[in-house]
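Thanks for coming. Please look at the sequence and the model on the screen while I talk.

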Amino acid sequence: MPKKKLEHKKLPPDMMSLRVMTRSFRDVQGQRIMTGHRIKQLVNNKIMTKDEAEEIYEQTLGYLEQAEKELDKKVKRIVRKHQVWEWGKHVKGIGERLCGGIMGEFGDIALFPSAGHVWAYCGLKVIKVCPRCGNDRIKIDDGTATCKCGFVGRPIGRAQHRMKGRKNTCNSSLKTLARLTAECLIKRPNPYREAYLNYKQDIIDREVQNGKLIWQKSATGVVTVAHGDASEGLQPINYVCSNDKCKRVDRSGGAAGAPPKCGKCGSDLKETSAYSAIEWTLGRINNMALRWLAKLFLYHLWVVWRRAEGLPDTDELAMKYLGHAEDKDPWAFADQRKRVKV
Ligand SMILES: [Zn+2]
Ligand SMILES: [Zn+2]
């Protein structure tokens, strides 16, 4: 994460207009959808007839749609001229708008010396926290964490998120766009989707081997075991704070060496089998996989863009992290049939 706010950096003119235009596009789109809902509501509540609504639609939404189309055209024009698009156009599931939105937010790839910087700016960093109280201000020495609450042991990784009283360190638009990208990439059969499915299976296999149960919740709220050996019955697998105002889930001990008190408020802990206290669910694994996929895509974008600008494009740490994908070459993830090397 660059120290100075990227907003205030001088960007290449193309990138500056790309940023402004893609942001306006998202604003107009949001406005259009909101206005549409509002008119629909008026018709549903019989405050307005359908004909009246259509007239209003012409007067308001018509303009917004027009603006959307204009902006979209301009964004496409800029993105198609960019060298990154030589790769991007072969990736299934990504369009000029999404790619342009992400590129506009980054602005200048020279400001990001590693893929790790890119991930942190997108809010995709993993932060090490105390498993007992969730504190991220812990001392880590040789893989062992020491926390104010008295916990000494292995810290756990948590997804970067906004915290009360702390400055937001990531670009919120990029965080949304990264998630959207991952969701788009898995919609159609392509190498990204395969990598995502493999990653999910790897986590399930790993945790089942660790003796964990993986749960799922049906639409009706019924909780069942999806993977793992549940023959020993549905034992409470976690501890939760008995203080109703706190309800913190304690993930440090499990059955062996249960901690006596809550790390946050000091109340007694109680055993629970409530869904909220379950450690592994299919939903959580899906979230992890989507974050990982977004990172893989952003790493590829970083490599392609850095290469196009003639900047160093190797990041050993990122490659180690992305270990699940065997081939880390961005071109291996582009459509093979139309594969053209630049
Ligand atoms: Zn702690
Ligand atoms: Zn508590």
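Helices (H or I, at least four residues) and strands (E, at least two) are DSSP runs, numbered from the N terminus. This is a predicted model, in which local features need pLDDT of at least 70 and side-chain atom pairs count only at pLDDT 80 or more, while totals for chains, interfaces and linings use all residues. Residues are numbered from 1 along each chain as its sequence is written, and chains are lettered from A and ligands numbered from 1 in the order in which they are written.

The chain has nine helices and 10 strands. Of its 342 residues, 27% count as buried; buried means that 20 or more other C-beta atoms, placed from the backbone, lie within 10 Å of a residue's own, exposed means 12 or fewer, and partly exposed is in between.

Now two loops. Lys46 sits in the loop between helix H1 (13-44) and helix H2 (50-81). Its phi is near 60 degrees, a positive value in a residue other than glycine. Lys46 counts as exposed because it has 7 C-beta neighbours inside 10 Å. Asp142 lies in the loop between strand S2 (139-141) and strand S3 (144-146), and is not a glycine but has a positive phi of about 55 degrees. Asp142 has 4 C-beta neighbours inside 10 Å, so it counts as exposed. Most residues other than glycine have a negative phi.

Next, the core. A nonpolar core is a set of buried Ala, Val, Leu, Ile, Met, Phe, Trp, Tyr and Cys residues joined through C-beta atoms within 7 Å. The largest one has 57 residues, of which Leu293, Leu298 and Trp302 touch the most other members. Helix H8 (residues 282-308) gives the most to this core, with 15 residues. Where does this core lie? It lies between domain 1 (7-81) and domain 2 (85-123 + 170-217 + 287-342), because both give residues to it; the domain bounds come from an automatic or database domain assignment.

Leaving aside neighbours within four places in sequence, Leu298 is in contact (C-beta atoms, placed from the backbone, within 7 Å) with Ala115, Val118, Trp119, Cys122 and Ala178. A second, separate core of five residues includes Tyr239, Cys241, Cys262 and Leu269.

Last, contacts along the chain. Among contacts between residues at least 6 apart in sequence, 66% join residues at least 24 apart. In one helix pair, Leu98, Gly101, Ile102 and Glu105 in H4 meet Ser173, Leu174, Leu177, Leu180, Thr181 and Cys184 in H6.

Methods. Contact = placed C-beta atoms within 7 Å.
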